[in-house]
Amino acid sequence: MVFPVRTPRVNNNDDVVRLSAVLADVGSQVREGDIVAEVETDKATFAVPAERAGYFLKCLHEIGETMAVGSILAWMGESADDAVPQESATAANARSAEPTLKAALLLREYGIDAAKVHASSDRLSAADVETYIALHGVRQPAAAVAAPAARVLPPPDVASSIQEMNVMERGMLRTVTWHRDEAVTGYVEIAYDTRAWDDYGAAFQKEHKLLLNPTMSLMAFQLVALRAKNVKFNATVHDDKKVLYQPVNVGFTVQSGDNLYLVVVANADQMTSKAFVSRLLALQKAAMKNRLEASETSGATIGFTSMARWGIMRHQPVLPPYTSLMVAHAAAVNGQSALGATYDHRILSGADVAAALHFLKDPPDA
Amino acid sequence: MPSEAELKNTIRARVVELASRLGKKAGGISDDAILLETGLLDSASVLELLVWLESQLDIEFDQDELSLDNFGSITKMAEFLTTRRAG
């Protein structure tokens with residue numbers, strides 16, 4: 001008997017994902033929980049585990065191909081000799097449904113037959129049509145403005161070998177590319193006396209009998225209060241509009257060996273400071289074990305990073321995709337340090353960020 | 001199961017390695033020194049040490065267990081781990 005491996009949802013905003021790796025060999029035995037493939041979006045990567053034990057029979061997609069969330073990614077079977085169904089993944093998932101008005105307009109605009117499009121519910125939605133367009137690479141209408149051709153530089157003229165980037169490297173490439181191509185970034189910093197935060201962290205550590213110094217976690221938690229000062233700190237720009245996030249999802253960088261993660265404390269605005277510190281500690285541990293779930297590294301709405309442990313006294317962080325503020329914490333010398341921030345100038349001004357840094361330099365109630 | 005003395009040696013070697021990544025030499029560290037007060041390791045390094053111990057000993061620490069009494073020094077860690085594994 002055969003059974004499908006479905007394409008997972010990596011985050012709430014993406015209905016399609018891209019296949020980045022197939023990790024199981026055809027005919028190989030797979031245990032429940034073994035990772036058989038990796039998929040990615042522009043924001044996150046996700047390991048696809050086998051939901052049950054069996055044999056990996058066939059992947060229906062090529063590396064780099066986009067797939068609709070919920071569609072069949074691959075087939076597995078109870079034996080290595082099981083026959084893979086002949087229907088294509090798209091046909092297997094397709095069903096006829098009445099299009100919504102918006103979907104009908106899209107179908108007409110792109111000249112797509114509604115019967116070919118998979119409906120995710122009783123009605124064929126515009127999102128379904130957009131998924132089909134993405135999956136099948138349907139071209140923009142002739143009237144659409146052609147995008148400028150990407151500039152491709154020649155390879156370096158030095159003896160070299162070419163290697164594919166791994167998942168982490170691709171993630172970093174996407175992040176810095178968003179920073180370069182989408183945001184209009186600026187950087188400002190202030191000097192501040194660290195003693196107020198040091199004392200606050202030490203008192204918190206003593207009160208809660210913590211082994212580890214919570215000061216940096218508490219500084220990151222202060223981003224929740226910052227949002228109350230100005231909602232644009234917890235926002236981004238998309239399609240020439242401000243996107244003001246409802247939750248405060250605090251991104252926090254964690255270096256684990258060669259890997260740099262941005263772990264995300266989701267819904268930090270619903271937490272107490274103690275709960276935040278505890279959750280961030282759990283995420284840091286998971287990062288150090290390379291056991292983060294995709295949802296734990298995606299959806300940041302504001303960010304905090306520190307290079308203090310390496311003695312770095314000033315650094316300009318890259319802005320995580322779809323955020324407007326990334327606070328940079330640095331090493332202190334004799335109780336003095338720099339607190340900086342990279343920001344998206346499309347939505348924040350230097351004066352906004354200066355005010356944010358002056359707010360963040362002091363702990364609550366200082 | 002490693003003895004308490006063996007655990008101390010293992011933990012000490014790991015502390016030296018983690019400190020060296022921060023550009024610090026911890027070869028002479030006392031087993032009774034409070035790690036975070038030595039300035040040789042920061043909180044992230046101590047967390048790395050805990051995660052490493054979890055993987056080496058195939059155990060998982062509850063956050064409630066992460067206290068100075070249990071993990072403050074090399075000696076306290078070795079004592080706690082010996083007790084924990086025996087329990």
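Hi everyone, let me start with one residue, A:Asn249. Setting aside neighbours within four places in sequence, A:Asn249 is in contact with A:Asn234, A:Val264, A:Val265, A:Ala266, A:Asn267, A:Gly299, A:Ala300, A:Thr301 and A:Ile302; contact here means heavy atoms within 4.5 Å. A:Asn249 sits in the loop between strand 13 (241-244) and strand 14 (250-256) of chain A. Helices (H or I, at least four residues) and strands (E, at least two) are DSSP runs, numbered from the N terminus. With a relative accessibility of 11%, A:Asn249 counts as buried. Buried means under 20% relative accessible area, exposed over 50%, and partly exposed in between, using a 1.4 Å probe and protein chains only.

Before going on, some ground rules. This is a predicted model, where local features need pLDDT of at least 70 and side-chain atom pairs count only at pLDDT 80 or more, while totals for chains, interfaces and linings use all residues. Residues are numbered from 1 along each chain as its sequence is written, chains are lettered from A and ligands numbered from 1 in the order in which they are written, and side-chain values use heavy atoms, with hydrogens and water left out.

Now chain A as a whole. Chain A has eight helices and 18 strands, and its C-alpha atoms fill a box of roughly 70 × 55 × 50 Å along the principal axes. Of the 366 residues in chain A, 44% are buried. Among contacts in chain A with a separation of 6 or more, 60% are between residues 24 or more positions apart.

How confident is the predictor? That is what pLDDT gives, for each residue, from 0 to 100. The average for chain A is 87, and 93% of the residues score at least 70. One stretch to treat separately is residues 88-95 of chain A, where pLDDT stays under 50 and the model has 17 contacts beyond four places in sequence.

Next, salt bridges. The rule asks for a side-chain nitrogen of Lys or Arg within 4 Å of a carboxyl oxygen of Asp or Glu. Over all chains, the structure holds 24 of these. Take A:Arg52 and A:Glu78, whose side chains meet at 3.1 Å, N to O. This pair links distant parts of the chain, 26 residues apart: A:Arg52 is in the loop between strand 5 (45-49) and strand 6 (54-59) of chain A, and A:Glu78 is in the loop between strand 8 (72-77) and helix 1 (89-93) of chain A. A:Arg52 is partly exposed at 33% relative accessible area, and A:Glu78 is partly exposed at 46%.

A second pair is A:Arg227 with A:Asp269, with the closest N and O atoms 3.6 Å apart. Here A:Arg227 lies in helix 6 (residues 215-229) of chain A and A:Asp269 in the loop between strand 15 (259-265) and helix 7 of chain A, so the pair ties together parts 42 residues apart in sequence. A:Arg227 is buried, at 16% relative accessible area, whereas A:Asp269 is partly exposed, at 23%.

On to the interface, then. What touches what? Fourteen residues of chain A are in contact with 20 residues of chain B. The area buried between the two chains is about 1600 Å², and carbon and sulfur atoms give 60% of that. Buried area is the accessible area (1.4 Å probe) that two parts lose on being put together, summed over both. B:Leu47, B:Val51 and B:Gln63 supply 33% of the area that chain B buries against chain A, more than any other three residues.

A:Gln284, in helix 7 (residues 273-288) of chain A, touches A:Phe252, A:Val254 and B:Leu47, not counting residues up to four places away in sequence. A:Gln284 is buried, with 15% relative accessible area.

How many salt bridges cross the interface of chain B and chain A? The rule finds five. In one of them, A:Lys289 pairs with B:Glu60, the closest N and O atoms being 3.3 Å apart. Helix 3 (43-57) and helix 4 (68-71) of chain B each supply at least two residues of the side of chain B that touches chain A. Helix 3 of chain B gives the largest share of that side, nine residues.Let me finish with B:Glu54 and A:Lys285, which form a salt bridge with the closest N and O atoms 2.8 Å apart. This pair crosses between chains, from helix 3 of chain B to helix 7 of chain A. B:Glu54 is buried, with a relative accessible area of 2%, and A:Lys285 also counts as buried, at 9%.

Technical notes: pLDDT is the predictor's confidence in each residue, from 0 to 100.
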